[in-house]
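Hello,

Here is the structure I promised to pass on. Have a look at it first, and my notes follow below.

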Amino acid sequence: FYATTNKSKLHNMCFRLQNYPIEVLCPDDLNLHIEVEENGSTAVENALHKATEYYKKVQLPTIAGDSGVVLTGVAEEDQPGLLVRRVNGKVLTDDEMIDHYAGLAQNAGKPCTLQYVTGIALITEDGIKTMELSDRPLQLCAEPNQNRKHKGNPLDVVTKTADGRYFNDLSDEERIIYDQQGEQQFTEFVVSNLLK
């Protein structure tokens, strides 16, 4: 059970596990919606809190993740940390989020990078496992991609890879290759703890 309603995270998980005998269920599959307050001080704490709440309900191996963002080249007060979608207490829409982060890059006046730090928690009948991953940094762009389509993560529209391609223009295979080490660690964590 993947404790997320984020379509991008769900898509990526299913893609990573497509070659393994693992069926991925999400809250929509079970018509289950739990509001979990993400008040941890780290991404791992938030992931563990989500996994715990859902595990109590579904009693299936349950994985949850939470991501924070670290930016370089922007003022310290503009660091989103774990509040990637919240600015000054407001939850941003996708378009507001794209415009906000593009504005941060524009105001910086120098190259900026964006790096995800992801906490993962997995609960099974054998116990709790956690890990933290730092993704490969991406260039934060002042000019959003004209193609604003994304698979659930608006920041894909304002980030580029080292070769200058917008992240939302990459295929699933290209995304895996871009951060191959992180993707491999994530997949091994899930598979090794579920397929024993």
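In which sense do β1 and β4 pair, and over how many bridges? The pairing of β1 and β4 is antiparallel, with 11 bridges. Two strands count as paired if DSSP finds at least two bridges between them, and helices (H or I, at least four residues) and strands (E, at least two) are DSSP runs, numbered from the N terminus.

Before the rest, some housekeeping. This is a predicted model, in which local features need pLDDT of at least 70 and side-chain atom pairs count only at pLDDT 80 or more, while totals for chains, interfaces and linings use all residues. Residues are numbered from 1 along each chain as its sequence is written, and side-chain values use heavy atoms, with hydrogens and water left out.

**Around β4**

A hairpin of two residues links β4 to β5. With strand β6 (residues 138-140), β4 makes three antiparallel bridges, and C112 has L140 as its partner.

**Helix α5**

Helix α5 has 15 residues and spans 21 Å from first to last C-alpha, close to the 21 Å expected (1.5 Å times one less than its number of residues). Its buried residues include F186, F189 and V190. Among the elements covering the buried residues of α5 are α1, β1, β4 and β5.

**The second largest pocket**

This pocket holds about 250 Å³. A pocket here is an open set of points on a 1 Å grid over the protein atoms alone, where a 1.4 Å probe fits, with protein on both sides within 12 Å along at least five of seven lines; lining residues have an atom within 4 Å of a point. Helix α5 gives the most to the lining, five residues, and α1 (7-16) also supplies at least two. Among the lining residues are F15, Y20, I176 and Q184.

**P80**

P80 sits in the loop between β1 and β2 (86-87) and is buried, at 14% relative accessible area. Beyond its neighbours within four places in sequence, P80 is in contact (heavy atoms within 4.5 Å) with V69, L71 and Y101.

Best wishes

Key. Grid points are joined across faces, edges and corners, and a volume is the space filled by probe spheres set on the points. Buried means under 20% relative accessible area, exposed over 50%, partly exposed in between (1.4 Å probe, protein chains only).
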